[in-house]
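Trainee: I would like to learn how to read the inside of a protein model. Where do we start?

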Amino acid sequence: MALVALGKAAQAMAEGACESLGSCIRSGLLISKPGHLDWDWLARNGLQGVEGGHPMPDDSSLLAGQRLLRYLAALPRDETLVFLLSGGASSLAEHPLSGISVHDLRRINGWLLASGFSIEQMNRVRKTVSAVKAGGLLHRLAGRSVRALLISDVPGDDPGVIGSGPLVPDPTLAERVAALDLPVWLRGMVERGLTERAGASGADDVNLRLEIVATLED
């Protein structure tokens, strides 16, 4: 069994998983913000750790995204994956679509944070330029069994909004983004991203079980 924990609560969630599953976890990767990983604990448990950018994505976020994709690609096809997701995941690990730079990501996120949009509306835009968000990771998990446990930090507890839904496809994304009032420069990036995302292959053979284990009201 393999473990991936992504978000500000990655350390705490991973500790809980290891306590519950013990030696069943044979490898793992934790991605969190600086100062939130216990490196000694990771070493003792044979797990990897990566720090990404937060609250704005930066070069370390792209490196974290690359590490995540490499880790998933190296997993045996028959390896069960436990995926732990918490707040902050949207900026901590990113793999932008072609033509989108870290400068572009920071410009996009800076504009969104000042836009007055809700978190759900901001995540709509973030999804369009990402190869990770809106079910993007499912394309890296073909044929595998995945148990996903989520801590919600968003109103409504929609799994597609938590961390921008790396395991949750968004078939209405193009329609809902079209309803947003975006500047011309951002609209162009969004349209290019949607075109590239439309060409991605499906991942219908992923055996995914998803559960929200904590919310803002808990």
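**Inside the model**

Mentor: This is a predicted model.

Trainee: How many residues are in the largest nonpolar core, and which have the most contacts inside it?

Mentor: A nonpolar core is a set of buried residues joined through side-chain atoms within 4.5 Å. Here the largest one has 30 residues, and Leu6, Ile31, Leu72, Leu81, Phe83, Leu137 and Leu167 have the most contacts inside it. At least two residues of this core come from each of strands E1 (2-6), E2 (27-32), E4 (81-85) and E5 (145-151), and from each of helices H3 (59-74) and H4 (89-92). H3 gives the most, five residues. Another core, of 17 residues, lies apart from this one and includes Leu62, Leu105, Phe117 and Val190.

Trainee: Which residues line the largest cavity?

Mentor: A search of the whole structure finds one cavity of 30 Å³ or more, and the largest cavity holds about 30 Å³ of space. Its lining consists of Leu6, Ala89, Ser90, Ala93, Val132, Lys133, Gly163 and Pro166. Five of these lining residues are nonpolar, two are polar and one is charged.

Trainee: How many residues of helix H6 are buried?

Mentor: Buried means under 20% relative accessible area. In H6 (residues 119-128), seven of the 10 residues are buried: Met122, Asn123, Arg124, Val125, Arg126, Lys127 and Thr128. These buried residues pack against H4 and helices H5 (102-113), H7 (173-178) and H8 (184-198).

Terms used. Residues are numbered from 1 along each chain as its sequence is written. This is a predicted model: local features need pLDDT of at least 70, side-chain atom pairs count only at pLDDT 80 or more; totals for chains, interfaces and linings use all residues. Side-chain values use heavy atoms; hydrogens and water are left out. On a 1 Å grid over the protein atoms alone, a cavity is a set of points where a 1.4 Å probe fits but cannot get out, and a pocket is an open set with protein on both sides within 12 Å along at least five of seven lines; lining residues have an atom within 4 Å of a point. Grid points are joined across faces, edges and corners, and a volume is the space filled by probe spheres set on the points. Ala, Val, Leu, Ile, Met, Phe, Trp, Tyr, Cys and Pro count as nonpolar, Asp, Glu, Lys and Arg as charged, and the others, Gly among them, as polar. Buried means under 20% relative accessible area, exposed over 50%, partly exposed in between (1.4 Å probe, protein chains only). Helices (H or I, at least four residues) and strands (E, at least two) are DSSP runs, numbered from the N terminus. Contact means heavy atoms within 4.5 Å.
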